Amino acid sequence: MDEQERAHRAARGRAAARELTARGIVATTLTWVDNSGITRVKTVPTGRLEHVAAWGVGFSPVFDAYLLDDSIASGRHAGGPVGDLRLHPDLDRLTVLGEPAGWAWAPGERYDQEGIRHAQDARALLRRQVARLTEEGLRVRAAFEVEWTVSLGRGEEFVPAAVGPGYGMTRIAELPEYLFDVLRALDTAGVEVEQLHPEYAAGQFEVSVAAQGPVWAADTAVLVRQTIQAVTMRYGMRASFSPKVVVDGVGNGGHVHLSLWRGGRNLMATGSGPYGMRPEGEGFAAGILARLPAMLAIGCPSVASYLRLTPGQWSGPFACWGLENREAALRFVAGPAGLRAQAANLEVKCFDATANPYLALTVLLAAGRDGVDAAARLPDPVTVDPAALDPEEREARGVARLPASLEEAVTVFEQDEVLRAALGAATADTVADVRRGEIALFKDASDEEIVARTRWRH
């Protein structure tokens, strides 16, 4: 970042500050997501936005090694008290929040003191993968589904705020004003909501948003969750995005939708491959499927993730794919006849909301691009519940369980050179260090203790 770039950013920050002041905005939150999937923040008054746009705001690189309980892993590249970074707002994504009122938000980008992007800046890593696809004439559209559960009161226990039937209209009638305000706040923040509905578990809801470019899709995932948190707290309730809220209940997923495009053509449709995929679309899907076991260290990054990732809960615990198969880790969504050229996409079912969305998309894009480059092909789709197949048939069809613990996932991840290259050595090593730190944190904990200690952290 040279002098000319800083001057450009200052001018933009000055103009943005004038507009925010005219709208009564007092401060802007600058967020980044750490390797444990927790959104961290620095806040600057509106009058400081010009300076911060050019020079950033300081904070410690130690956050790369934070665990979900705010303890610090002893890492190879992060975790010590020495050093400083600068957090700069991306003013292209500066947003006036719908909730809380009077605040704006911008995703932060991390630089060192010399103006060079921090090696572990997840947003920069994702931008790099997008750029590599662009060089090949490809682009990805992506979106995260956000599931959450709402609890009455602010105590540590979970008491569902809605108890009507799963997917039932009663849930809307139980919390109409709350859900209205969630939609209103998201609309004010410029989020294009496609649908909101009650989910299966008591007190559980889901919001789906329109697909975007990968970086903005990850930004939107952060924005949606922080907006939901703010609205929920205003109602005196508590929201959880944890993969398990109660041990014997269905948890919250963080499903990712992806489609691959060349120019204006969706490569997941109108082709001669499986269910209409074009060769590059199939290669993209095959690359993701092949690396799902290793990617769980990113997409299912908490010990609690593996309490959710079990058969019978539509969490996608089997490394297979299928058309509209909600128990396969990779679900192919063809879309309705007449709309498939626009709607066809992949849904990664196994990921959850403890994942850093920038890292999740980074590894998904890297795996997909590797599959395209290798002209990879998908195995036969699974058209039934994989758990219903006997073990011999699953083995014959190459349908394996995904890792059943964070320890297993980290071990596979550390051996995957494609994912390590996409993240860089510093980030890949730090991710492994943080995961092993959480494993040690919960070494002797019961399932009930794991759930209780994770429930309100994300």
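This is a predicted model: local features need pLDDT of at least 70, side-chain atom pairs count only at pLDDT 80 or more; totals for chains, interfaces and linings use all residues.
A disulfide is a pair of cysteine sulfur atoms within 2.5 Å.

Residues are numbered from 1 along each chain as its sequence is written, and side-chain values use heavy atoms, with hydrogens and water left out.

## Cysteines and strand S14

How many disulfides does a search of the whole structure find? The count is zero. Cys300 is in no disulfide, and its nearest cysteine sulfur, that of Cys350, is 5.4 Å away.

Now take burial. Buried means under 20% relative accessible area, exposed means over 50%, and partly exposed lies in between (1.4 Å probe, protein chains only). Cys300 has 0% relative accessibility, so it counts as buried. Cys320 has 5% relative accessibility and therefore counts as buried.

Next come the strands and helices. Both are DSSP runs, numbered from the N terminus: helices are H or I with at least four residues, strands are E with at least two. Strand S14 covers residues 318–323. Five of its six residues are buried, so the rest of the structure largely encloses S14.

Two strands pair if DSSP finds at least two bridges between them. S14 pairs with strand S15 (residues 328–333) in the parallel sense, over four bridges. S14 also pairs with strand S17 (residues 400–401), in the antiparallel sense, over two bridges. Phe318 takes part in both pairings. Its bridge partner in S15 is Ala328, and its bridge partner in S17 is Arg401.

## Strand S1

Strand S1 spans residues 27–33, and seven of its seven residues are buried. Which residues lie on each side of S1? Ala27, Thr29, Thr31 and Val33 are on one side, with Thr28, Leu30 and Trp32 on the other. Both faces are covered.

S1 runs parallel to strand S6 (residues 103–111), joined by five bridges. In S6, Trp103 is the bridge partner of Ala27. S1 also pairs with strand S2 (residues 39–45), antiparallel, over seven bridges. Here Val33 stands opposite Thr39. S1 and S2 form a hairpin with five residues between them. Gly37, in the turn, has a positive phi of about 85 degrees.

## A four-stranded sheet

Four strands form an open sheet in the order S9-S10-S8-S11, with antiparallel pairing. The edge strands are S9 (193–198) and S11 (237–240), each of which pairs on one side only. From one strand to the next, the twist averages 25 degrees. Such angles run from 0 to 180 degrees between N-to-C directions, and axes are lines fitted to C-alpha atoms, for helices over the stretch in contact.

S9 and S10 (residues 204–209) run antiparallel, joined by five bridges. Leu196 has Val207 as its bridge partner in S10. Helix H5 (residues 176–188) packs on the sheet and touches S8 (146–152), S9, S10 and S11. The direction of H5 makes about 160 degrees with that of S9. Helix H6 (residues 214–234) lies across S8, S10 and S11, at about 155 degrees to S11.

## Helix pairs

| Helix pair | Angle | Axis distance |
|---|---|---|
| H3 (residues 122–135) and H13 (residues 417–441) | about 160 degrees | 9 Å |
| H7 (residues 279–299) and H12 (residues 406–414) | roughly 115 degrees | within 7 Å |

Angles under 35 degrees count as roughly parallel, over 145 as roughly antiparallel, 65 to 115 as roughly perpendicular, and the rest as oblique. H3 and H13 are therefore roughly antiparallel. H7 and H12 are therefore roughly perpendicular.

Contact means heavy atoms within 4.5 Å. In H3, Leu125, Arg128 and Gln129 meet Ala422, Leu423 and Thr427 in H13. Residues of H7, including Pro293 and Leu296, meet residues of H12, among them Val410 and Phe413.

Leu126 belongs to helix H3. Is Leu126 buried or exposed? Its relative accessible area is 0%, so Leu126 is buried. Leaving aside neighbours within four places in sequence, its contacts include Pro214, Val215, Ala218 and Tyr358. Leu126 and Val215 are 89 residues apart in sequence, yet 6.6 Å apart in space, C-alpha to C-alpha.
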